[in-house]
Amino acid sequence: MWIDTHCHLDAGEFAGETDAVRERARAAGVRHCVLPAVLPGNFDAVRELAHRHGDSYALGIHPLCTGAAGDGDLVLLDRALAAARDDPRLVAVGEIGLDYFVPDLDAARQEHFYREQLQLARRHGLPVLLHVRRSADQLLRELRRAPVGGIVHAFNGSQQQAREFVKLGFRLGFGGTVTYERALQIRRLARELPATALVLETDAPDIPPRWLYRTAQERAGGAPQGRNEPGELPAIGAALAALRGMEAEELAAVTSRNACAALPRLGALLRI
């Protein structure tokens with residue numbers, strides 16, 4: 001059994017195909033997907049898809065969306081979390097966090113939304129799905145002030161930062177990047193971290209694994225960039241298992257247990 005802990009099944013790239021995409025994933029052995037929201041406008045979409053396919057969802061405001069968001073959106077998030085209090089498929093607040101990689105994003109504004117959403121997670125008794133790009137230390141600083149658990153999506157920090165997140169009760173998400181031989185730091189972390197710290201994800205339709213990636217030269221020649229899907233998760237998991245010298249089935253079991261430990265409602269839902 002494989003669990004994709006981060007999949008944007010509501011993305012425009014999957015429009016009109018979500019049933020087929022999810023069925024391919026199921027046929028490949030992906031039992032469950034966690035679908036994070038990125039702004040109030042897609043809260044209903046992730047909820048509906050989760051219920052349609054027997055998956056789960058998270059509600060939150062993505063750091064890349066904070067430029068257009070206002071405090072009224074935090075009120076909408078609070079109300080949506082309260083309304084879904086008894087919905088067993090709501091498993092986290094997310095996708096939230098900080099992104100210091102994309103230029104021209106207002107860092108102070110991102111930090112405001114991050115802090116407020118941590119408080120909402122605490123108020124509603126939910127873990128979080130964290131977005132982190134060049135922002136691990138600031139994320140950790142705020143988590144020490146407002147402790148919650150959860151998953152660090154697409155972790156790409158240092159060994160020390162990984163240990164700090166794990167100390168705070170987080171699991172670390174690894175996906176398509178581990179399939180690239182040149183991703184030395186991420187592959188080293190994926191190989192050396194305790195197995196109990198790892199969960200798997202696709203971030204579909206983004207972060208395609210090596211076999212789907214098209215170079216800039218190939219794209220210039222007309223080849224489209226490969227679209228990631230949750231059905232790629234078992235092959236990504238097999239690549240990570242090979243890095244660690246594990247059987248794929250063993251990694252699937254360990255990472256599934258880790259996902260349910262990080263997201264307790266998920267464990268209750270799947271009875272793991």
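**View 1. Surroundings of His153.** Leaving aside neighbours within four places in sequence, His153 is in contact (heavy atoms within 4.5 Å) with His6, Glu95, Leu130, His131, Val132, Gly173, Glu201 and Asp203. The structure is a predicted model: local features need pLDDT of at least 70, side-chain atom pairs count only at pLDDT 80 or more, and totals for chains, interfaces and linings use all residues. Residues are numbered from 1 along each chain as its sequence is written, and side-chain values use heavy atoms, with hydrogens and water left out. His153 lies in strand 6. Strands (E, at least two residues) and helices (H or I, at least four) are DSSP runs, numbered from the N terminus. His153 has a relative accessible area of 4%, so this residue is buried. Buried means under 20% relative accessible area, exposed over 50%, and partly exposed in between (1.4 Å probe, protein chains only). The side chains of His153 and Glu201 are joined by a polar contact of 2.8 Å. A polar contact is a pair of N or O atoms within 3.5 Å; within protein, one must be able to donate a hydrogen and the other to accept it, and residues adjacent in sequence count only if both atoms are side-chain atoms.

View 2. Eight strands form an open sheet in the order 1-2-3-4-5-6-7-8, with parallel pairing. Two strands pair if DSSP finds at least two bridges between them. Strand 1 (2-4) and strand 8 (198-200) are at the edges; each has a single partner strand, so one side of each lacks a neighbour in the sheet. On average, neighbouring strands of this sheet are turned by 30° against each other, direction ignored. Axes are lines fitted to C-alpha atoms, for helices over the stretch in contact; angles run from 0 to 180 degrees between N-to-C directions.

View 3. Strand 3 (residues 56-59) and strand 4 (residues 90-99) run parallel, joined by three bridges. Ala58 has Ala92 in strand 4 as its bridge partner. Helix 2 (residues 43-53) packs on the sheet and touches strand 2 (30-36) and strand 3; the helix direction makes about 165° with that of strand 3.

**View 4. Aromatic pairs.** The whole structure holds three aromatic pairs. Rings of Phe, Tyr and Trp (its six-membered ring) pair if their centres lie within 6.5 Å; planes under 30 degrees apart count as stacked, over 60 as edge-to-face and the rest as tilted. Phe165 and Phe170 pair edge-to-face, 6.0 Å centre to centre, with 70° between the planes. Phe165 is buried at 0% relative accessibility, and Phe170 is buried at 1%. Tyr180 and Tyr213 also form an edge-to-face pair, 6.0 Å centre to centre, with 85° between the planes.
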